[in-house]
Amino acid sequence: MQDWKQHKATFASIAVSPVLWLVAFFIVPLAVVWLYSFGRNVGLTEIDISGTFSNYGRALEPLYLEIFGKSVAVAALTTLICLIIGFPIALAITFAQPKWRPWMLLAIMLPFWTNLLIRTYALITVLRTEGYVNKSLGWFWEGASSLKVMVGMAPLSTWEPLPLLYNNFAVILGLVYVHLPFMVLPLYAALDRLDRSLIEASLDLGAGHFRTLTQIVAPLAAPGIISGVIITFVPALGAYLTPDLMGGPDSQMIANVIERQFKRANDWPFGAALSFLLMYATFILIALQTLRNRSAERRS
Amino acid sequence: MNLFKRAEIAPLEYTRRLWMRAWIAATLFFLYAPLLVLIAFSFNDSKRNIVWRGFTFKYYGKVLENDGLMAALGNSLTIAFLATVFSIILGTLAAVMLWRFRFPGKTAVEGTMALPIVVPEICMGVAMLVFFAKLDWPTDLPWPLNLSAITIAHITFCFPFVAMVVRARLAGFNKEQEEAAKDLGATEWQAFRDVLLPHMKPGIIAGALLAFTLSLDDFVITFFTSGPNTITFPVKVYSMVRFSVTPEVNAASAILIFLTILLTTVALKLQDFTKATA
């Protein structure tokens with residue numbers, strides 16, 4: 001590591017463009033939004049930055065608190081489901097034969113590289129009323145119905161397609177679909193580093209697989225589990241596309257409300273305040289995670 | 001006593017257990033079935049899109065004839081290319097700066113550099129919208145200059161990823177090589193070009209492919225920076241999806257999926273994938 005003072009010219013030529021770019025096109029835009037969050041609308045496009053906290057006050061109204069609460073609940077449930085689905089997958093990849101491991105990782109990663117919008121659209125096509133899921137269920141229903149007729153019972157009522165889209169169920173399903181790789185990769189990274197002899201010792205000493213998982217593997221992999229939870233929760237909390245395309249009128253999440261303030265309601269100061277509240281929530285989570293990692297490093 | 005335990009499976013070979021295989025199969029089915037259905041029915045000769053009525057390429061033809069969609073694809077590829085080039089330069093410089101120098105405020109710079117990766121997309125999108133509106137950024141420039149706002153936004157969220165990947169690669173660099181070059185009379189620039197740059201190359205390529213995919217895929221941030229004349233492919237598909245589910249959207253999506261698979265394959269080939277992860 002060189003000290004910048006001894007190589008001022010080299011340092012300047014390397015540092016100036018990325019730092020300037022970051023300031024001009026990232027810090028400044030965020031700062032403008034931050035300032036707007038303390039402003040109020042005067043006229044159609046004019047915003048007066050008056051230092052008011054009324055936008056934040058409005059965000060605390062029950063309507064918006066409810067949406068915030070709902071976004072947190074939806075993101076938390078999504079994270080939990082991802083953890084339940086993803087943990088066995090990560091475990092399987094960890095203990096798979098080495099030649100299979102990269103291919104299994106690739107199988108999990110490939111959808112993640114596919115466009116988010118297209119994945120959401122693909123899910124919509126199979127879940128809609130005329131989609132495959134409903135069609136297969138209807139087919140089973142009719143099969144069961146004719147089976148009942150065959151044994152001399154009254155047939156089932158006609159099949160009503162399930163409302164699989166445009167509700168909260170669809171939003172959570174869509175979020176799980178999109179965020180599963182976010183969970184599997186950190187879990188795999190943590191499990192891969194685990195000392196296997198500890199698991200073997202536990203099994204040798206008579207603990208079952210489940211007990212070994214809960215009492216040996218889970219505590220040892222806790223940092224990986226926590227980082228997986230945060231990596232999944234943060235984007236799920238700020239999700240815009242999934243609730244927008246798959247949700248119903250009552251499945252609005254915080255990002256949809258923000259979008260509406262900027263694109264339709266044209267209340268930029270309020271949208272700015274909401275977007276900074278979402279950002280603060282994200283930062284707090286990430287800061288907690290970073291602090292945890294640092295203290296863990298110091299301990300070891 | 002363990003009548004039901006198959007002796008040939010070692011305790012830790014979870015992957016060989018039936019329930020685990022069923023779990024993996026179910027998850028992969030969940031992940032892939034919708035995408036496979038989407039691709040399969042882009043070849044289906046039926047408007048209603050659910051019953052198979054024979055193979056056809058006609059929806060691909062329709063996509064190719066759809067000027068709006070093709071223009072959007074052209075815009076997306078142009079933006080992705082420009083964003084990649086700039087991200088490589090900025091990202092590599094940032095990585096070298098953070099790896100090589102000790103300077104006041106380094107932790108702050110490092111933290112800020114990671115922010116575009118973690119900030120919710122929607123917040124970054126509105127920040128870009130507000131910023132370009134505040135600047136009165138001209139929207140009626142000739143192509144490709146009219147894409148500048150979107151390109152700038154894309155560079156901002158792509159280059160920190162490149163910096164991250166390149167910096168990870170630099171961690172394995174033996175500094176004595178660079179010192180040896182300088183001892184033998186190389187200038188600062190020559191040492192950079194002939195010693196450091198070749199070492200960083202795999203990282204830069206990986207970062208470039210990452211930046212290209214991120215830019216090509218981005219919807220939310222683009223949605224806030226694009227105007228009526230600067231529609232990108234995802235934004236166009238979004239407006240089609242909102243409208244209805246049609247085989248044409250399937251075909252357009254399938255094209256993008258194939259493009260992604262192609263890029264991923266190239267990336268993995270270049271990185272000698274099985275060796276790198278095994």
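**Notebook: chains A and B**

I began with a strand pairing: A:Gln2 stands opposite B:Phe101, which is in strand 1 of chain B. Strands here are DSSP runs (E, at least two residues), helices likewise (H or I, at least four), numbered from the N terminus. The strands concerned are strand 1 (residues 2-3) of chain A and strand 1 (residues 101-102) of chain B, parallel, with 2 bridges. Pairing requires at least two DSSP bridges between the strands.

The model is predicted, so I kept its limits in view: local features need pLDDT of at least 70, side-chain atom pairs count only at pLDDT 80 or more, and totals for chains, interfaces and linings use all residues. Residues are numbered from 1 along each chain as its sequence is written, chains are lettered from A and ligands numbered from 1 in the order written, and side-chain values use heavy atoms, without hydrogens and water.

**Interface**

I looked up the contact (heavy atoms within 4.5 Å). Chain B contributes 87 residues and chain A 85 residues. The buried area is about 8,300 Å², and carbon and sulfur atoms give 78% of it. That area is the accessible area (1.4 Å probe) that two parts lose on being put together, summed over both.

Next I checked charges across the interface. The rule finds 2 salt bridges between chain B and chain A. The rule asks for a side-chain nitrogen of Lys or Arg within 4 Å of a carboxyl oxygen of Asp or Glu. One of them joins B:Arg242 to A:Asp244, with the closest N and O atoms 3.7 Å apart.

On the side of chain B that touches chain A, helix 1 (residues 18-40) of chain B gives the largest share, 12 residues. That side divides into 63 nonpolar, 13 polar and 11 charged residues.

**Salt bridges in the whole structure**

In chain A, A:Arg58 and A:Asp267 meet at 2.8 Å, N to O. A:Arg58 sits in helix 2 (residues 54-59) and A:Asp267 in the loop between helix 12 (254-263) and helix 13 (268-299), so the bridge ties together parts 209 residues apart in sequence. Buried means under 20% relative accessible area, exposed over 50%, partly exposed in between (1.4 Å probe, protein chains only). A:Arg58 is partly exposed at 27%. A:Asp267 is buried at 16%.

In chain B, B:Lys58 bridges to B:Asp45, also a salt bridge, at 2.8 Å. B:Lys58 lies in helix 2 (residues 58-65) of chain B, B:Asp45 in the loop between helix 1 and helix 2, 13 residues apart.

I then followed B:Glu178 to B:Arg100, a salt bridge at 3.6 Å. B:Glu178 is in helix 7 (residues 175-183) and B:Arg100 in helix 3 (residues 67-100), so parts 78 residues apart are tied together. B:Glu178 is buried at 6%, and B:Arg100 is buried at 5%. A network of salt bridges links B:Arg100, B:Glu178, B:Lys182 and B:Glu188.

**B:Thr222**

Is B:Thr222 buried or exposed? I find it buried, because its relative accessibility is 0%. B:Thr222 lies in helix 9 (residues 220-225) of chain B. Its side chain makes a polar contact of 2.9 Å with that of B:His154.

Note on methods:
Nonpolar A, V, L, I, M, F, W, Y, C, P; charged D, E, K, R; others polar. Polar contact = N/O pair within 3.5 Å; in protein donor to acceptor, adjacent residues only side chain to side chain.
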